[in-house]
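Visitor: I have just opened this entry and would welcome a guided look. Where shall we begin?

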Amino acid sequence: MDKTNTKIQENKEYLTTLDQAIGDGDHGINISRGFQEVMNKVSGQAYEHVADVMKDVAMTLMSKVGGAAGPLYGTAFLKLSMTFKGQDVDYALFSQGIEDALNGVKQRGKSDTGEKTLVDVWSAVSERLKQEEKFDGSVLEETARTAMENTKDTLATKGRAAYLKERSIGHLDPGSVSSFYLFEAFAEVINEGE
């Protein structure tokens, strides 16, 4: 969470700029406030299970992040918490957790892959995890990066960007970019552990 928060804080203005182009311009502000609150909540806490961390992250994001990002990210982390509950997280359980998180985000946002939302990144990562058998930070980062970059050429059909129709093409989806930072941070943690 610390690495994710650092990336989000460092790119707050960039995320805001992206959202000003095709959204309501508050994604960077909202998501940076949310992850700072997450760090305030989880730092120094002694957790027995990963699921408990995920639950605190979910509740913090849901209560502190406005707009669509709070409920969507909150749902993702809540689903991770539910999947991980009471268990040590190995590769198979992590992969299942990401799939469950993706399905939760789809349901919450009433969205699907290819609509130029953060679902595009989560979906690509989920699919790739199913193809692999063990953690590989490089594969995870590259998959998330490619999916994020692909949103630039995608016509938005969901969210505020959908009102722009063809003018949404040529812009990265801000939620996909913040999701990329999350998976990039996780990939770095994996690489450090190798």
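**Core, salt bridges and pockets**

Guide: In this predicted model, the largest nonpolar core has 47 residues. Those with the most contacts inside it are Leu61, Tyr73, Phe77, Ile98, Trp122, Val125 and Phe183.

Visitor: Which elements give two or more residues to this core?

Guide: They are H2, H3, H4, H5, H6, H7, H8 and H9, where helix H8 spans residues 137-150.

Visitor: And what does Phe183 touch?

Guide: Leaving aside residues up to four places away in sequence, Phe183 touches Ile98, Val121, Trp122, Val125, Leu140 and Ala144. Of these partners, Ile98, Trp122 and Val125 are also on the list of core residues with the most contacts.

Visitor: Let us turn to charges. How many salt bridges does a search of the whole structure find?

Guide: The search finds eleven. One of them joins Lys3 to Glu188, with 3.7 Å between the closest N and O atoms. Lys3 belongs to helix H1 (residues 2-10) and Glu188 to helix H9 (residues 174-193), so this pair ties together parts that are 185 residues apart in sequence.

Visitor: Are those two residues buried, exposed or something in between?

Guide: Both are partly exposed: Lys3 has a relative accessible area of 27%, and Glu188 has one of 24%.

Visitor: What about Lys7 and Glu188?

Guide: Their side chains also meet in a salt bridge, at 2.9 Å from N to O. Lys7 lies in H1 and Glu188 in H9, so here the parts tied together are 181 residues apart in sequence.

Visitor: Is Lys7 buried or exposed?

Guide: Lys7 counts as buried, at 13% relative accessibility, because the cut-off for buried is under 20%.

Visitor: Which residues are linked with these in a network of salt bridges?

Guide: The network links Lys3, Lys7, Glu141, Arg145, Glu184, Glu188 and Glu192.

Visitor: What separates Lys130 and Glu127?

Guide: They are three residues apart in helix H7 (residues 119-131), which means a separation of about one helical turn. Lys130 counts as partly exposed at 43% relative accessibility, as does Glu127 at 40%.

Visitor: What is the lining of the second largest pocket like by class?

Guide: The second largest pocket is lined by 16 nonpolar, one polar and two charged residues.

Conventions:
Residues are numbered from 1 along each chain as its sequence is written. This is a predicted model: local features need pLDDT of at least 70, side-chain atom pairs count only at pLDDT 80 or more; totals for chains, interfaces and linings use all residues. Side-chain values use heavy atoms; hydrogens and water are left out. A salt bridge is a side-chain nitrogen of Lys or Arg within 4 Å of a carboxyl oxygen of Asp or Glu. Helices (H or I, at least four residues) and strands (E, at least two) are DSSP runs, numbered from the N terminus. Buried means under 20% relative accessible area, exposed over 50%, partly exposed in between (1.4 Å probe, protein chains only). Ala, Val, Leu, Ile, Met, Phe, Trp, Tyr, Cys and Pro count as nonpolar, Asp, Glu, Lys and Arg as charged, and the others, Gly among them, as polar. A nonpolar core is a set of buried Ala, Val, Leu, Ile, Met, Phe, Trp, Tyr and Cys residues joined through side-chain atoms within 4.5 Å. Contact means heavy atoms within 4.5 Å.
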